[in-house]
Amino acid sequence: MHGMVNRALQGFLMTTYGDEVWAEVRSQAGLPFADFEAMLDYPDPMTLACFQAACQVLHKPPNALLEDVGTWLVTDEHLEPLRRLMRFSGTSFLDFLHSLEELADRGRLAVPDLDMPVIELDQIDAVSFRIRARWTLPGIGPILMGCLRAMADDYGALAFLRLGGVENGVECLDVRLLDTAFSEGRSFALGRVIA
Amino acid sequence: MTGLPPSLSRVIGLSGGALDVLMPMHLWADPDGRVVQAGPTLEKMARRGDLTGLPIFRLLEFRRPSRVDGVQALMALAGQRIGLVLRSAPHLPLRGALTTLPEGTGLILDISLGLSFARAVSEFGLTLNNFSPCDQTIELLYLHEANTSTMALSRHLSKRLQAARAAAEAQALTDPLTGLANRRAMDAEIARCLDDPAEAFGLLHIDLDHFKQVNDTLGHAAGDAVLERVGAVLRQQLRHADLAGRVGGDEFLVILRDCEGTAELDRVAARIIAAIEEPVPFKGQACHVSASVGLAASVDYAVRPGPDRLLADTDAALYAAKRAGRGRAARHVPGALPDGCRAGDPKALPPVVAGD
């Protein structure tokens, strides 16, 4: 798994729970180094071992932890560049939902060798959507749910999200978009690159 | 329009609103060069409200392919790539293409942000809504930001790797050429041996003879071959518990454990010298070197010396061996002048010790 993904897991654990929790996870998972590097690759079993160790150390069910990781990806202040990149996808949350199928290509534009989930969006009725996602590792459903919930907040939209089960490795997510202008949301101005 | 095929000469009518949707940065001018309509994004960039009626040359400066300030000359650029700027923002180059309207009724100019798009978006305060979904400027901006972020990560990684390498080099204990210990490792081991009162050990200080000639006549690769050979000799001649290190260009130290006295050191030194004197083949040539050795045994000291003292004593003995004709060993006897030059000239010795 790409270092970005591993680094994200480490970053989430360290900023949310502190260095000691990360040290405990690292030792339980038997990691032979102190930190993941975002620009290197690691074997998948290493990623899975870290995640399982995190669930044990924090006494959290896997889905809850994955959802928190998804939310953190969008909301953590250190990851503002990532949130900005997501906001390039659309002018509203609805626009953003409709561009989800482009997310994989968008990710690869930024990091060419990143494993991105394949996402399909079906509109059921005016306000209901079904998202189907597939990734190299299980768990993209809850990650995406946390991420989308945070993006809805970011756009100021009110949306209900629910995991819709797994079919043949494809993880489903149901979205009901209740209000596209529920709150002010967070600001996003183009052209604010800080080198 | 006469030369065009029928499908291209067909005239369609588009509302001003349609133009705004398709080309948010367009400008429609009448035959006198006055603005009939400007797209919403262009109006936002111009920052002077409604542009209707404004002479196009008061708003824009045309620079490429040539400076143009008349409507007829401008119309002649139809179909070409045009370089222009807003007069209110002359530092942000823009790109344009224009087409003339039928029956000489004017022209339509479409504009896009040039390579200064990132600055332009920021200075003009443009948003996602200001661009047509077909305009890839947003994707360029996205890429620009993504690159900036990933570059920062790469730089971060490079810095950490650099620091790690520096740390590893600083902690290294091995001489990469010979595989022997390095100076740092030898210093640490000598200090450890001296600290342990039960440790009876001997120290050989070896310096190659004629090594410079090998380097000068056969090149550094030959010199390296000789040094590697010496490394192999020392590993062969020593017991597992002993430690040999390369501590300078052609200088070596050997720690011999459980050393009864200098007689034993003499024997080991003689064996090592003989092995080093075996010619080293290098690319069809034979490299001939020898070695001089200064030695000292811890049992010969009534009081344990410090590491500097011990090394100075073996160094002095080594110098004595060199003075006595090279290819031999000399030993240091505490409290006395180094007298052990096996085939040496005693007269050469006193200045060595006196200056020590």
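In this predicted model, helix H4 (residues 62–75) of chain A and helix H8 (residues 140–155) of chain A have axes that come within 6 Å and cross at roughly 35°. The crossing of H4(A) past H8(A) is right-handed. On the H4(A) side, the residues in contact include Leu66(A), Val69(A), Gly70(A), Leu73(A) and Val74(A). On the H8(A) side, they include Ile143(A), Met145(A), Cys147(A), Ala150(A) and Met151(A). Sorted by class, 11 residues of the contact of H4(A) with H8(A) are nonpolar, five are polar and four are charged.

A helix pair in chain B packs as well: the axes of H6(B) and H7(B) lie 10 Å apart, at an angle of about 105°. Angles of 65 to 115 degrees count as roughly perpendicular, so H6(B) and H7(B) are roughly perpendicular to each other. H6(B) brings Phe117(B), Ala118(B) and Val121(B) to the contact, and H7(B) brings Thr137(B), Leu140(B), Leu141(B) and His144(B). Of these residues, five are nonpolar, two are polar and none is charged.

| Helix pair | Angle | Axis distance |
|---|---|---|
| H4(A) and H8(A) | roughly 35° | within 6 Å |
| H6(B) and H7(B) | about 105° | 10 Å |

The contact between the chains takes 16 residues from chain A and 20 residues from chain B. Helix H6 (117–124) and helix H7 (137–171) of chain B each supply at least two residues of the side that touches chain A. H7(B) gives the most to that side, with 13 residues. By class, the side of chain B that touches chain A has 11 nonpolar, eight polar and one charged residues.

How values were computed. Residues are numbered from 1 along each chain as its sequence is written. Chains are lettered from A and ligands numbered from 1 in the order in which they are written. This is a predicted model: local features need pLDDT of at least 70, side-chain atom pairs count only at pLDDT 80 or more; totals for chains, interfaces and linings use all residues. Axes are lines fitted to C-alpha atoms, for helices over the stretch in contact, and angles run from 0 to 180 degrees between N-to-C directions. Helices (H or I, at least four residues) and strands (E, at least two) are DSSP runs, numbered from the N terminus. A crossing is left-handed if the near helix is turned anticlockwise from the far one by less than a right angle, and right-handed if clockwise. Two residues are in contact if their C-beta atoms, placed from the backbone, lie within 7 Å. Ala, Val, Leu, Ile, Met, Phe, Trp, Tyr, Cys and Pro count as nonpolar, Asp, Glu, Lys and Arg as charged, and the others, Gly among them, as polar. Angles under 35 degrees count as roughly parallel, over 145 as roughly antiparallel, 65 to 115 as roughly perpendicular and the rest as oblique.
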